[in-house]
Every structure is written in structure tokens, then in C-alpha cells.
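Open the model in your viewer and get ready to select residues by number. We will go from aromatic rings to charges over rings, and then to a sheet.

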Amino acid sequence: MLSFRRILQVTNSHQSSAGLRQVFPTGIENMLLGFLSVRRAALAIGAILIATTVFAQTRTAYEIQYNSGTPGGPSPYVNQRAQVAAIVSGIGINGGAGGTQSFFVQDRDTTGYHGLFIRTAQAHTVAVGDSVFLTGTVSETSGQTQLSVYATDTIRTVMSSAWTPIPLNTNVTALASTTTAEPYEGMLVKVSNIRVTAVATDGITISDGTSSINVKGFGVGGRWNMVLAVGDSLKSIRANVRQTAATTYQLEPRSDSDFEAFGNNAPIIANIAISPFAPGPNDPVTFTATVTDVETSVSAVWLTYRLNASTAADSIPMNTSSGNSFTVIAGPFTPDSTQTSNIVRYKINARDSEGAISSSNERSFTVSLTNSDIYRRIIDYPDLYLNRSIQLEGQVVYIQGRTTSSGSWRTDAYIVDTTTSIGLYLSESTSPLNIPGMARGTYVRMTAAISQYNGALQATGASSWTVLDTLPLAHPIQLHTGDISLQRELVSTGNPLYYASGSWVEVTGRVISVDPNVGGGTNVLVDDGTGTIPLRIWDTMNMPKVLTAEGDSIPLTGMLGKVYTVRGVASTYNTDFQMLAGFIEDFVEQGASTALSYETTVEVPARVLVNDVGETMTIKFSAPPLARVQVRVFNMKGQVVATLIDKTSNGASETRWDGRDELREKLPLGTYILHVQSNLNGTTKSATAPIVIGTKL
């Protein structure tokens with residue numbers, strides 16, 4: 001190691017490059033000469049101390065790149081370990097070639113073969129202008145010489161931002177030719193007087209009139225966002241040179257400041273984003289962008305968007321949210337009734353105070369209907385979906401294999417949306433045994449062809465389905481035997497000529513009749529005290545018996561007089577509602593005590609409700625599960641002024657009331673009666689509580 005006195009001698013004598021070679025390891029004299037020429041002696045001494053301790057046998061980028069036997073050929077150190085000292089000229093330009101961890105370095109000399117691409121997975125803090133010391137392995141990838149710095153290798157900053165990397169002036173013709181571009185590989189260059197000839201999502205193509213080269217690294221994953229259009233002229237571009245294939249090179253600018261335009265520079269649009277990232281059909285979308293102008297001020301920013309294949313675009317002004325950030329809310333972009341999705345294509349546009357306009361590249365996102373929406377739309381707009389194919393997901397809840405009058409096999413199955421339990425009839429001209437994954441509980445994705453047969457909507461396409469999972473059966477829709485409106489809603493469609501079958505439903509009631517051997521099946525009538533509902537059990541379901549609450553097996557006729565909860569699918573017979581059932585696990589006896597013994601309670605706060613200041617009160621009530629419950633408010637004349645709840649009970653529950661009537665008008669001051677009534681299997685229970693509407697104290 002050199003003594004401190006000897007270092008001072010070298011420093012004070014300003015030795016030549018040849019002299020430095022006698023003292024320092026080969027390969028760092030250029031960097032050290034630069035140190036001595038522009039830094040104070042104290043900084044130089046510190047740099048020399050580091051160099052003499054860690055830079056033993058350190059090479060330059062030139063030595064790694066240049067092959068004296070075959071200029072432009074592979075590095076003479078390929079597959080060897082090497083130590084390099086150089087200046088950082090660019091950071092993480094193109095994510096596709098190494099990401100933000102990678103960078104370019106070069107020697108102080110800029111006469112060619114002095115640049116090198118550094119590829120690493122190490123986290124680092126080097127910046128453009130840093131003098132660095134590196135260890136790694138030399139390799140060749142698609143003609144690109146690179147130093148691969150692994151986790152155990154060294155990335156060390158000798159001096160931070162000590163230099164301004166100098167670009168080498170050249171032209172597009174030299175860079176575009178395989179025979180002349182190699183000396184510039186990895187180097188920072190500058191090309192002048194060029195024109196944009198093509199625009200892509202990740203960059204542009206430029207030409208000097210004789211040759212073209214790609215300029216990459218635009219937008220996400222890159223380092224520049226200068227918006228350019230075909231035909232734009234540029235005074236110059238500074239960029240690192242990357243070889244991407246044996247005969248292909250590209251330029252990678254480091255930031256927007258590497259672009260020098262003629263005349264008025266248009267605004268720079270960056271950081272474009274939408275929220276939510278994947279909007280649903282009911283979500284408004286917030287568009288944001290950062291817009292700056294290097295010469296003057298930004299005068300206007302606006303969003304343009306178009307749907308699907310439309311060429312017409314809507315335009316909405318964007319407003320400043322803070323600083324250079326602009327935002328606007330648009331949508332929701334709900335697909336119309338003929339579609340299941342919308343592709344929204346959009347651009348951000350900007351104008352500066354001198355009239356220069358720029359536009360971002362067009363981006364897009366898709367707004368898709370939920371699976372539940374698709375089921376609902378097929379039922380609500382059957383004419384739009386008939387004879388169309390549509391992607392559908394759902395759970396198989398009911399399967400019946402049967403032979404037709406001609407002796408061929410058919411599969412009658414029902415597939416439901418697991419969120420809403422709304423379903424469709426699935427008709428296939430084969431046995432269930434021939435359909436892989438045809439089993440209760442399987443969740444499938446299929447391309448379904450929608451059609452109708454004798455007025456019944458049906459889907460076909462099990463041959464195209466993929467079984468995604470096997471799940472517990474979806475929670476069924478709760479029915480009351482006398483709720484004719486809900487029963488009709490389940491099977492009605494948007495066209496009265498058609499009806500739909502397949503929604504997954506459940507009813508609890510007393511079995512009041514069982515008629516076997518009727519047209520190839522058994523008819524069962526169930527009554528929960530509000531009316532009757534028919535069940536159909538086909539003989540082909542092979543379910544001659546059910547279980548009692550004690551677990552005993554009894555024939556279907558043994559259900560007579562007992563209370564059962566039954567699951568099945570909604571269907572019709574001669575336009576009248578019926579349930580199709582046929583799996584023994586879907587029949588659960590409740591027992592007389594369970595069905596008939598229960599209480600209904602209500603609880604309201606002991607205070608005055610002041611409706612003129614927007615107050616609300618919480619009303620708590622309880623009713624047995626599966627009971628039909630109504631929560632209503634009566635005036636002192638016995639008239640209903642507000643209905644708060646009218647649905648199937650889930651047990652203990654609560655609701656809120658703000659003192660308004662059915663028409664959302666504020667009720668007069670006074671005393672009112674809150675009435676809770678439940679009905680289960682013909683047994684009705686009720687509870688009441690007073691409510692006082694007063695004035696604010």
C-alpha cells in the first residue's frame with residue numbers, strides 16, 4: 001500500500017497518465033486524472049486511498065467491451081469475473097431488460113467502446129454521475145455485453161454525483177447499422193435533427209431521413225413521458241444505447257430532459273391512473289394525471305373517452321386537485337342491455353398558454369357485469385340473448401337424467417349464481433354420466449347458448465364447461481307458500497311469452513297432501529299458513545323415501561301432516577308455479593314444536609323522535625327464522641303510515657326510522673304505534689311499542 005507521503009507526492013506533482021500507471025492498478029488512471037483535474041486535493045486524496053485499497057486489477061468499460069481481435073465481437077472477458085471502475089450514465093431505463101435495479105456505466109473517454117450495461121438484482125442507491133466500483137461476471141446476451149452483479153458481488157460508490165456524463169455525438173445512421181453501432185453499445189449518445197416516424201405504447205421510432213431506430217422506455221416501467229406524435233421534429237435526444245438482439249439496437253433516454261424540441265414544447269403528461277383499478281358496472285371512475293410544462297403554464301387539461309369500437313369520443317374537463325395534479329370523475333360505464341362488458345378507451349390531453357397541445361397514448365380498461373347481473377339480464381331481456389352464446393359461471397344444484405319418447409337420453413340440470421341463487425335451466429342431449437363434472441355442488445364456467453323450448457328459457461353448453469371448484473350448495477331464496485308475487489317474479493321474464501326455471505329456493509310448511517304415481521312423479525302440497533305451494537318429485541330422481549327428525553326413513557306419503565323444510569328449484573306447470581325437488585338431503589323435518597312455538601318482540605328507544613332535524617331511531621325486533629315479518633307504523637286512527645320491513649325473518653334484527661311516511665314526507669307531531677307481526681306455518685304473533693314524534697328542545 002502507498003504511504004500517505006507518497007500519495008501527496010503524486011497529488012502535488014500532477015503526474016501524467018503513464019506515471020499513474022506506475023503507481024495505481026491498470027484501468028483507473030482515466031478516472032483518477034478526472035478526479036485530480038476537477039476536485040480539491042483533499043477529495044482526490046480520499047478517492048486515491050479508496051482506489052489503492054479496493055481497486056486492485058480494476059478494468060475500464062473499454063477493456064471489457066473492446067475485442068482487439070474482432071472489434072464488435074464478444075468481450076475478451078466473457079464468462080470471467082471482473083472488477084470495473086466507471087461513471088454511472090443511466091439508471092433502470094427499461095424494465096423489460098432488468099428493471100430499475102439495472103444501470104449503465106461508462107468511462108470518462110467517449111471515443112467508443114467505453115460503455116457497459118450493469119444487470120443486478122441488488123438494491124442500490126447509485127445515481128447518474130456517481131463514480132462507482134463494481135465486481136461481477138461478464139456475459140453476452142443477444143449481443144449485449146453486460147456485467148452481472150450478483151448478491152455476493154460489490155456495488156460501491158466512490159464519489160457521489162461527481163461527474164456529468166458526457167454524451168457522444170453521433171447520428172441515427174451509425175446507430176442503426178450492425179457494423180457501426182457496436183462501439184456505442186452501453187454508452188450515452190446524442191443524436192440531432194430527427195423526426196418521429198412511429199409511436200408505440202412503450203416508445204417511439206425516430207429517423208434522420210436515411211435510417212430509423214427505436215427509442216424505448218416510455219411511461220410505466222420507463223423513465224420518460226414526453227408525449228410525441230408522428231411527424232414531430234426534435235433538435236436532439238440523449239440516450240443510452242442498448243443492444244436487444246444480434247442486429248438490433250435501441251435508444252433509452254433517462255428522463256424528459258433528454259429530449260430537446262424545436263420551438264414551443266407541449267405539456268408533459270405523466271402518472272396517469274384510474275381508481276378503482278378494476279371498476280365495476282356501478283362504479284364512477286376517477287381519472288388522475290400529472291401535467292407540467294417546461295416553458296410556460298398549463299392552461300387546460302381534459303379527458304376524452306370512447307366505448308368499445310366507437311370512433312366518437314366524449315370530452316370532460318379535468319380540474320386541478322393539487323399542484324400539477326389534475327383529476328375528473330366520469331361514469332359509471334355500465335354496459336347496456338345488449339352487452340355484458342364495456343371496453344373504455346381514454347386519453348388525457350393538455351394545452352399550454354402558448355397553444356401547444358399534447359395527448360397521452362390511448363389506454364383502456366374493461367367494465368364487466370357481475371355474474372349476478374348476467375343471470376338477471378338474461379331473464380329480464382330474453383329476446384336480446386336468444387340464439388346468442390355467453391360466458392356463464394354457476395353452481396349445479398339439481399340434476400335429472402331421463403329418456404325421451406324416442407329412447408334417447410337427456411340431462412335436465414339447473415345452474416345458479418351463488419350470490420343471488422337466481423338460476424337457469426340447463427338442457428343437454430346426453431346422459432349426465434357423459435358430462436365430466438356433472439355433480440351437485442360443482443362450480444363451473446361455460447360458454448352457454450341461450451334458447452327457448454315451448455316458452456321455457458334454457459341454456460346449453462356443458463360440453464364447453466370447466467369445473468372450477470366444488471362448494472357447499474348456495475343459500476336458497478326463502479319462500480312463503482302464499483307469496484304469489486315472489487313466486488311469479490322468480491319464473492317471469494321480460495317477455496310474457498317466456499318463463500325461466502332454475503332459481504334455488506326453500507320453503508317450510510306443513511305437508512297437507514301427497515299424491516304418488518301422477519304422470520311419472522309425486523305431487524306434494526305444502527302450507528305455512530299463508531297458502532299452498534306444490535312440490536314435484538319425478539320418479540327418475542329415485543327418491544321414494546325421506547327422513548324424519550329422528551333419522552328414520554319413511555315413504556313420501558309419510559310426510560303427510562308433518563312440517564318439513566324443503567329445498568328445490570323454481571319451475572312452472574301449465575304457467576303455475578311449482579318447486580322441483582328430489583334429493584333426500586333437501587327434505588328436513590322440523591317437528592311441530594319447532595314450527596309453531598316462538599315469540600315476537602320489539603324494542604324502541606325511550607325518547608322523542610325529532611324528525612325536523614333529520615334524527616333517526618334504531619328499532620330492534622325478533623321473530624323466528626323463516627317467518628314472514630312485517631314492521632309497520634300506525635297513526636292513532638289505525639292507519640298504516642309507514643312500512644319499514646316486509647320480508648322473511650332471519651331472527652333477531654334491527655332497522656332505522658326517520659319519522660317519514662311512505663311518500664318520504666315528515667309526519668306530524670304526535671304519538672304513533674310501532675307494530676311487529678310474524679307468521680310461520682299459520683301461527684301469527686305480534687308485538688307493539690309507542691313512538692312519540694316531538695320538537696327539538
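Select Phe287, Tyr305, Phe333, Tyr346 and Phe365 first: together they form one aromatic cluster. This is a predicted model, where local features need pLDDT of at least 70, side-chain atom pairs count only at pLDDT 80 or more, and totals for chains, interfaces and linings use all residues. Residues are numbered from 1 along each chain as its sequence is written, and side-chain values use heavy atoms, with hydrogens and water left out.

The structure holds 13 aromatic pairs. Rings of Phe, Tyr and Trp (its six-membered ring) pair if their centres lie within 6.5 Å; planes under 30 degrees apart count as stacked, over 60 as edge-to-face and the rest as tilted.

**Stop 1: Tyr66 and Tyr113**

Select Tyr66 and Tyr113. Their rings pair edge-to-face, 5.0 Å centre to centre, with 70 degrees between the planes. Tyr66 lies in the loop between α5 (61–65) and β1 (81–91), and Tyr113 in the loop between β2 (103–106) and β3 (115–120), so the pair ties together parts that are 47 residues apart in sequence. Helices (H or I, at least four residues) and strands (E, at least two) are DSSP runs, numbered from the N terminus.

Is Tyr113 buried or exposed? Tyr113 is buried, with a relative accessible area of 13%. Tyr66 is partly exposed, at 26%. Buried means under 20% relative accessible area, exposed over 50%, partly exposed in between (1.4 Å probe, protein chains only).

**Stop 2: Tyr305 and Phe333**

Go back to two members of the cluster, Tyr305 and Phe333. They pair edge-to-face, 5.2 Å centre to centre, with 80 degrees between the planes. Tyr305 lies in strand β16 (residues 298–307) and Phe333 in the loop between β19 (325–330) and β20 (341–352), so this pair ties together parts that are 28 residues apart in sequence. Tyr305 is buried at 14% relative accessibility. Phe333 is buried at 5%.

**Stop 3: charges over rings**

Select Arg242 and Phe117. Arg242 lies over the face of Phe117, 4.1 Å from the ring centre. A charge sits over a ring if NZ of Lys or CZ of Arg is within 6 Å of the ring centre and within 35 degrees of the ring normal. Next, find Arg536 over the face of Trp538, at 4.3 Å from the ring centre.

**Stop 4: a sheet**

Now show the strands. An open sheet of 5 strands runs in the order β39-β45-β44-β41-β42, with mixed pairing. Two strands pair if DSSP finds at least two bridges between them. At the edges are β39 (608–609) and β42 (640–648), each pairing on one side only.

Select β41 (residues 628–634) and β44 (residues 670–680): they run antiparallel, joined by 7 bridges. Finish at Phe634, which stands opposite Ile673 in β44.
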